[in-house]
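Notebook open, model loaded. I'm jotting down what I look up as I go.

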Amino acid sequence: MLLDDIQKSIADMKEIQQLEQAAKDSQMQDKADKLYSSVVYENHKVIICLDEARKYLQFAPSDALIEQIENLFAIFPDCISTGLVQEHKAKILSSTIKALKDSINEEWKAFYERITGKRIRKLTVVQSITPDKTKTKYAIAKIKSGSILNYDDNGNLRLFADGIKEADAILESLELTDEILGFLDKVFERKATILDLTEAVGDWIYDEGLMTKFYVRFEI
């Protein structure tokens with residue numbers, strides 16, 4: 001009788017251990033599934049963001065970036081090749097998409113500087129002489145809103161694109177030559193001298209009625 005009780009206790013303990021292991025396995029699988037789902041969703045946001053950037057601003061990923069994206073896509077099916085998400089592969093996938101986003105952000109930073117640097121500089125220089133200073137200010141703000149990619153909300157990309165169009169329209173309407181822009185640039189930096197006040201610049205100042213906008217300062 002005692003032996004039967006001992007054997008039953010051993011069997012019960014084994015059953016409890018099996019149940020505990022099954023619960024632990026279930027928790028680990030649930031964790032792996034959530035990680036995989038999170039990466040799939042993150043990847044979706046990245047691709048949508050890249051598509052919006054291409055559509056509104058003609059952003060074109062480099063060949064190296066495209067290769068990173070293709071490599072990422074190749075990892076997805078491998079994570080579930082056994083029928084279940086494998087945690088260690090899901091972690092590799094998570095690291096891969098993080099590296100991809102870092103690469104995208106680097107390329108976007110260079111792209112942003114390339115297409116906005118001169119525009120923002122010119123708008124800032126001419127803002128005080130534009131017909132609608134508030135509109136010019138908003139155009140600058142819209143452009144600056146696109147300095148960083150927001151994978152959760154791509155609305156700033158549309159604002160960015162609008163800002164670029166508005167900036168170009170403002171600058172075009174002023175009909176400023178490179179000579180005049182160069183003069184205004186030096187004025188903005190407080191480096192303009194009498195030598196920069198050429199005949200063409202002087203004519204422009206008089207034609208636009210800006211005589212009281214500029215002041216002469218003597219420095220020793």
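Predicted model: local features only at pLDDT ≥ 70, side-chain atom pairs only at ≥ 80, totals over all residues.

I started with the contacts of Asn43, counting heavy atoms within 4.5 Å as a contact. Leaving aside neighbours within four places in sequence, Asn43 touches Leu72, Phe73, Phe76 and Ile97. Asn43 sits in helix α1 (residues 2-57); helices here are DSSP runs of H or I, at least four residues, and strands are runs of E, at least two, numbered from the N terminus. I put Asn43 down as buried because its relative accessible area is 10%, where buried means under 20%, exposed over 50% and partly exposed in between, with a 1.4 Å probe and protein chains only.

Residues are numbered from 1 along each chain as its sequence is written, and side-chain values use heavy atoms, without hydrogens and water.

Next, the overall fold. I get 7 helices and 0 strands. Buried residues are 32% of the 220. Of the contacts between residues at least 6 apart in sequence, 69% join residues at least 24 apart.

Then the charges. Helix α7 (residues 199-207) gives the most, 3 residues. Glu175 lies in the loop between α5 (155-174) and α6 (178-188), and I count Glu175 as exposed because its relative accessibility is 67%.
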